[in-house]
Amino acid sequence: MINLNHINFRYSSKESVLEDLTLSLAPGHIYGLLGRNGVGKTSLMYILSGLRFPNDGQCSVIGFTPQQRKVDFLQQVYFLPDEIYFPPGAIDKYLALYTPFYPGFNSVMFYDLLAEFDIRADVHPAKLSLGQRKQIAICFALALRAKVLLLDEPTNALDIPAKKIFRKIIAGGLQEDQIIMISTHQVKDLESLIDHVLILDGQKMIIDRSIDELTNRIAFKYAADLEDIPNVIYSERALRGYATLSANLKGEYTKFDMELFFNAVLDQKQKVLSVLEVK
Ligand SMILES: Nc1ncnc2c1ncn2[C@@H]1O[C@H](COP(=O)(O)OP(=O)(O)OP(=O)(O)O)[C@@H](O)[C@H]1O
């Protein structure tokens, strides 16, 4: 379990990044952390992994206070940064260097995941492309079997087939006692993967809802003409018509469209929050 209670955070004298943030994240879920550039997604992950300390408020991650950075905490909470560095040498040298810190590391799983990405076991990661290095780092993160995985922009630099494999191995690798948080602004990449949406905007977590809660309240429909759908809150031109977002007044089931939802939240924040009854 992760519990944040009235967290405030700023970098030294700079203006506030996170304000009065209260959040509870439960095991067995994949959380998508969305928000514009510079809104504070990485900062939040730093706080959860104990790399930055909140100015006020309480932060508890699987029973630990992250800023104490106890050994048991570091073995169970893994932050995968956007920028990946590998020392020179083959993969097995890297594993020999880093896996002693992680007793849960499963090397069979690691090599199986590498094979999914079609990466040979004898490569030298430092000599590979950014996308390939990222793939190895994702395999390493999953094979740690940590209780909390914080993945910062993991799909950056991945090509389309690699993004598909990423979705497959994350969805298949989630353990019941594990929390996975993935930050991105490539919103489409997370569709069909996450089951809970978090959106940061203006120092606040303005959306904290499961996909089921969202589709209970919001309908996502295509229409040839905007007049065909009553009470449209937000729409975008689509092939031969419009993709629309409206209040789900009839309890219909429609397929969640992450990109449309994210754009609607940014463009029509108050209307979307009001449909979701967010105060
Ligand atoms: N080391 C730092 N010192 C001072 N300010 C910083 C530092 N790192 C980030 N910031 C500022 O904190 C704010 C939040 O940055 P953060 O990297 O958390 O955003 P983000 O949502 O992850 O952005 P992006 O989507 O572009 O990766 C930004 O305004 C940024 O300029």
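**View 1. Right-handed crossing of helices α4 and α5 in a predicted model.** Helices α4 and α5 cross with right-handed geometry (the near helix is turned clockwise from the far one by less than a right angle). The axes of α4 (residues 107–116) and α5 (residues 130–143) come within 9 Å and cross at roughly 150°; axes are lines fitted to C-alpha atoms over the stretch in contact, with angles from 0 to 180 degrees between N-to-C directions. The angle makes α4 roughly antiparallel to α5 (over 145 degrees). Helices are DSSP runs of H or I with at least four residues, and strands are E runs of at least two, numbered from the N terminus. The model is predicted, with local features needing pLDDT of at least 70 and side-chain atom pairs pLDDT 80 or more, while totals for chains, interfaces and linings use all residues.

**View 2. Residues between α4 and α5.** On α4, Met109, Phe110, Leu113 and Leu114 make the contact, and on α5 Ile136, Cys139, Phe140, Leu142 and Ala143 (heavy atoms within 4.5 Å). These residues divide into 9 nonpolar, no polar and no charged; Ala, Val, Leu, Ile, Met, Phe, Trp, Tyr, Cys and Pro count as nonpolar, Asp, Glu, Lys and Arg as charged, and the others, Gly among them, as polar.

View 3. Ser210 lies in β9, residues 204–210. Ser210 is buried, with a relative accessible area of 19% (buried is under 20%, with a 1.4 Å probe and protein chains only). Asp195 and His196 touch Ser210, not counting residues up to four places away in sequence. Residues are numbered from 1 along each chain as its sequence is written, and side-chain values use heavy atoms, without hydrogens and water.

Note on methods. Buried < 20%, exposed > 50% of the residue type's maximum accessible area, 1.4 Å probe, protein only. Parallel < 35°, antiparallel > 145°, perpendicular 65-115°, else oblique.
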